[in-house]
Amino acid sequence: MMYHHLTKMSWPDHVKVDELNWGPVAVVQMMEAESPPFEKVIILCAIERKGRKIGQIDVFRWLGKLPDEEQIQACVGDAATGVISVENLLVIGEYFKIWKDEVYLVDVEPGPEVAGEKWTESMESCIPDVISTIKKLVVTGMDDGIDIKYLQGDTLFTNKIVTD
């Protein structure tokens, strides 16, 4: 649903909006085919995390660093069996060196999963803030007052967020 909001907007010529809700290996192949490669990637995701309110937006910058070989293999195994997750995408992308300069996650708290294709009113009401956050990252960069947290592969599966 958010994809349709984003595709209807006017973006600079160098911006490509695409859905990445398919397997990490296919995303890697698509990214490897891009010429020139993307300098900045912004991934919009909605992951339920403890302690957040529905509609809360967190922005994470990916710092790279791979987890141990066992965890990398687990990510590839998950991807091969059809598991789609942002964590697997980040690790597999890092392993295949598709991430160039900047990778950000704009992560909005969806609240508990419910059946159906519609968002709750709380989620629907945060769409303008999500779009504003993405625009700031695209147009002005990270120096525009966005509170950025950091993720890296060697701590990604420990739920530890790097603060500096």
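The model is predicted, so local features were kept only at pLDDT of at least 70 and side-chain atom pairs only at pLDDT 80 or more, while totals for chains, interfaces and linings use all residues. Residues are numbered from 1 along each chain as its sequence is written, and side-chain values use heavy atoms, with hydrogens and water left out.

The buried set is Val86, Asn88, Leu89, Leu90, Val91, Ile92 and Gly93. Their cover includes helices H2 (24–33) and H3 (69–80), along with strands S1 (40–45), S2 and S3 (102–108), where contact means heavy atoms within 4.5 Å.

Together with Leu66 and Phe96, Tyr95 makes a nonpolar surface patch of about 280 Å². Patches are made of residues with over 30% relative accessible area and no salt bridge, with like charges joined within 9 Å and nonpolar side chains (Val, Leu, Ile, Met, Phe, Trp, Tyr) within 5 Å. A salt bridge is a side-chain nitrogen of Lys or Arg within 4 Å of a carboxyl oxygen of Asp or Glu. Areas come from the Shrake-Rupley method with a 1.4 Å probe, and for residues only the protein chains shown count as cover. Just after H4, Lys97 takes a positive phi of about 60°.

The side chain of Asp58 makes a 2.8 Å polar contact with that of Lys149. A polar contact is a pair of N or O atoms within 3.5 Å; within protein, one must be able to donate a hydrogen and the other to accept it, and residues adjacent in sequence count only if both atoms are side-chain atoms.

The side chain of Asp107 meets the side chain of Arg49 in a polar contact of 2.5 Å, and one of its polar atoms lies 3.0 Å from the backbone nitrogen of Ile47. Not counting residues up to four places away in sequence, Asp58 and Asp107 touch each other.

Note on methods
Buried < 20%, exposed > 50% of the residue type's maximum accessible area, 1.4 Å probe, protein only. Helix = DSSP H or I, 4+ residues; strand = E, 2+ residues; numbered from the N terminus.
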